Amino acid sequence: MIANFHFIASQLIMPLNILLLVIGNAIGIIFGAIPGLSGTLAVILFMPLTYSMETGPAIILLISLWVGGCSGAFIGSTLLGIPGSPSAVATCFDAYPMTKAGKAGKALAIGMIASFIGTFFSAIFGALLSKIVADLAFKLGPWEYFSLCMVAITMVIAISKGNMFKGLASASIGLLFASVGFSPIDAVQRFTFGNVYLYGGLSMIVVLIGIFGLSKIMVEYGQGFSPLPAVDTKSIKGLGISLREIRESWKNILRSFGIGLGIGFLPGMGAGLSNLVAYSSCKNASKTPEKFGTGHPEGIWASEISNNAAVGGSMIPMAALGIPGDSTTALLIGALTVHGLEMGPMVFKNSGDVVYMMFATVAVSAIVVLALQAMGVRTFPKILKIPYHYMYPALIVISLVSAYIDSNSIYKCGMMLVFALVGILMSLGNLPVAPLILAFILGPTLENNMLKAFQYTGTFTTFFTRPISGILLILAIGSIFSPLLRMLVKKIKTSRQEI
Amino acid sequence: MLKRDQIIGLGLIVLGVIFGIMTSRFPVAFTPEYPGPKAVPGLAVIGLIVCGLGIFIESTRKQGEEKAFFGKEGWKKVIISFVVLILYILGMKYLGYMISTPILLYVVATMFAKGQTARVWAKILYSIILTVLVYLVYVQLFGLALPRGVIF
């Protein structure tokens with residue numbers, strides 16, 4: 001890691017890269033703050049721009065958008081009571097009551113500092129742990145990689161909103177999309193309908209922006225844009241937080257950090273889950289649980305530390321195994337592939353400098369985001385006032401332009417409209433998008449490894465007889481049936497109580 | 001009348017059957033020793049049919065009224081926005097990015113601003129500035145190409 005210091009420093013002090021980092025962080029904060037948008041959407045929209053860049057600046061821009069988006073999500077939660085993204089749902093519980101009590105400045109300050117601590121230290125832990133995980137990963141074969149992919153997809157289904165069938169259906173659609181084009185190993189044409197544009201498979205940009213971005217705008221337009229509540233700017237008077245208050249929360253900070261890092265590390269899980277787990281565990285450990293939900297600072301610390309700690313945590317499996325920790329890291333894996341970087345244990349040998357630069361970018365971004373937020377605390381209400389009729393047309397143009405530049409073809413713009421329709425139908429059926437993203441991106445890795453494993457042993461039993469693969473598959477099957485198991489346990493408990 | 005989830009469930013089943021038939025026609029055979037190119041799409045097809053059935057049954061067993069997703073007016077808005085975007089794509093193909101984009105931006109901003117105060121000059125200015133800004137960033141700064149159109 002130390003050996004790569006020269007490369008990392010040379011990249012991070014380049015004026016263009018500094019500019020990209022600051023712009024990426026600022027745009028990320030805006031996308032994170034506005035309900036309906038998210039850091040993930042920012043990463044998807046700006047990804048095509050990075051295709052023409054060199055690897056260093058491309059990574060810096062994408063990661064700074066992501067970090068800014070993760071951190072900015074608390075702004076909507078604090079000032080509007082509406083989470084900027086699912087990662088800040090638990091932040092609403094106490095931050096918004098604080099705002100209503102005239103302490104918005106303090107709630108924002110806790111959000112900023114907690115975001116910084118979570119992101120910065122998770123990047124350091126991530127950098128230290130990922131090499132160790134990568135060294136262990138050399139012992140894994142295609143059986144384990146297949147099982148890891150399965151775990152990532154099924155875990156996301158298990159935590160998806162709505163019922164299990166809908167999560168699984170979404171993942172199945174993702175796998176079908178991933179199957180389009182020539183199959184791995186056998187090179188059989190699948191679902192191409194003789195169309196040359198489909199021979200190489202579906203474009204990630206076209207599918208994801210269509211389903212995740214364009215369709216969302218259309219759904220909101222169809223349902224009617226709901227005006228955001230007004231923000232009481234008078235309640236933002238200074239930050240009003242002391243070092244003593246931070247010190248008093250150290251136990252909560254450590255616990256929430258551990259939860260965020262751990263959940264982020266699990267394939268397929270991320271900030272969307274960690275903030276809720278950390279919040280409830282903080283409430284359970286508290287001597288005054290009745291204060292939670294009424295504007296208790298501990299609740300904000302727990303949620304914001306954990307959701308930002310998931311950033312570094314989710315980068316560990318991404319870098320070391322090539323398996324995404326959440327949907328944004330899944331996108332990053334796709335974007336890095338365009339730059340010739342195949343994530344996984346070998347990446348430390350071939351491009352270790354780039355991997356450590358990713359972690360360094362997260363850490364530097366954490367500092368820049370903190371500075372931007374501290375300087376711009378009074379502009380937060382203005383961000384939330386950007387009218388939808390100016391913001392959304394701009395996003396539509398960027399979406400379609402992104403589709404065009406993906407392969408300099410108008411055809412891709414038309415295809416994006418088709419996927420926007422798919423997205424609308426998914427919203428209509430309340431099918432979650434995250435399983436589709438993960439299955440679509442992990443599909444080729446999953447299939448490749450599965451076929452390789454069969455070529456080696458010629459039987460499916462090896463997937464279960466190899467210990468790590470077996471455990472992972474049992475975990476995957478268990479997470480699919482977890483709602484059924486929970487229901488069964490509940491029924492047994494109730495029947496026992498009745499007896 | 002069928003409920004929304006029942007329609008979604010049936011839709012998934014139909015989709016599963018169609019893709020299932022297509023998958024069965026792939027030339028390499030599925031064997032226990034080597035599942036080949038049919039395995040992953042086959043898994044997805046099974047997932048679609050089973051989940052479609054599950055969603056359909058759950059929805060049938062569920063009582064209570066469904067909340068409207070869009071309403072008639074909402075669907076109209078969505079269809080219009082699709083038409084506008086199709087026209088924009090055709091506009092990019094024939095007129096190019098620089099002519100079609102400000103028109104799209106103005107039209108969409110007007111559609112989206114319905115019921116709110118948005119001055120005409122502000123929308124015109126917004127449409128022109130954004131078109132130029134996107135052009136400068138994508139073409140001048142990053143060296144990417146935007147549609148030039150075939151007429152001009």
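Among the elements of chain B, helix α1 (residues 4-24) has the highest mean pLDDT, at 95, while helix α5 (residues 120-141) has the lowest, at 92. Chain B as a whole averages a pLDDT of 90, with 99% of the residues scoring at least 70. Keep in mind that this is a predicted model.

- Chain B and chain A bury about 5,800 Å² between them, and 80% of that is on carbon and sulfur atoms.
- On the chain B side, Tyr34(B), Val40(B) and Phe112(B) lose the most area to chain A, and together they make up 12% of what that side buries.
- The contact draws on 65 residues from chain B and 67 residues from chain A.
- Looking across the interface, the rule picks out nine residue pairs in polar contact.
- Five helices of chain B, namely α1, α2 (39-61), α3 (71-94), α4 (97-112) and α5, each supply at least two residues of the side that touches chain A.
- Sorted by class, that side of chain B has 49 nonpolar, eight polar and eight charged residues.
- The interface also has one salt bridge. Its partners are Lys166(A) and Asp5(B), with the closest N and O atoms 2.9 Å apart.

**Salt bridges inside chain A**

- Side chains of opposite charge can pair when their charged atoms come close. Over all chains, the count comes to seven salt bridges.
- Lys131(A) pairs with Asp135(A), with 3.0 Å between the closest N and O atoms. These two are separated by about one helical turn, because they sit four residues apart in helix α6 (residues 104-137) of chain A.
- Lys131(A) counts as partly exposed, since its relative accessible area is 32%. Asp135(A) is partly exposed too, at 38% relative accessibility.
- Arg244(A) and Glu248(A) form another salt bridge, their closest N and O atoms being 2.7 Å apart. Both lie in helix α10 (residues 243-248) of chain A, four residues apart, or about one turn of the helix. Glu248(A) is exposed, because its relative accessible area is 54%.
- Arg466(A) and Glu144(A) also make a salt bridge, and here the closest N and O atoms are 2.8 Å apart.
- Arg466(A) is partly exposed, with a relative accessible area of 26%, whereas Glu144(A) is buried at 3%.

**Two buried serines in chain A**

- Ser303(A) belongs to helix α13 (residues 297-321) of chain A. With a relative accessible area of 0%, Ser303(A) is buried.
- The side chain of Ser303(A) makes a polar contact of 2.7 Å with the side chain of Thr91(A). Leaving aside neighbours within four places in sequence, Ser303(A) is in contact with Ser87(A), Ala90(A), Thr91(A) and Asn275(A).
- Ser71(A) sits in helix α4 (residues 55-79) of chain A. Ser71(A) is buried as well, since its relative accessible area is 2%.
- The side chains of Ser71(A) and Gln373(A) are joined by a polar contact of 2.9 Å. Beyond its neighbours within four places in sequence, Ser71(A) has contacts that include Ser115(A), Glu304(A), Asn308(A) and Val369(A).
- Ser71(A) and Asn25(A) are 46 residues apart along the chain, and their C-alpha atoms are separated by 9.3 Å.

Note on methods:
Residues numbered from 1 in each chain as written. Chains lettered and ligands numbered in written order. Heavy atoms only, no water. Buried < 20%, exposed > 50% of the residue type's maximum accessible area, 1.4 Å probe, protein only. Polar contact = N/O pair within 3.5 Å; in protein donor to acceptor, adjacent residues only side chain to side chain. Contact = heavy atoms within 4.5 Å. pLDDT = per-residue confidence, 0-100. Buried area = accessible area lost by both parts, 1.4 Å probe. Salt bridge = Lys/Arg side-chain N within 4 Å of Asp/Glu carboxyl O. Nonpolar A, V, L, I, M, F, W, Y, C, P; charged D, E, K, R; others polar.
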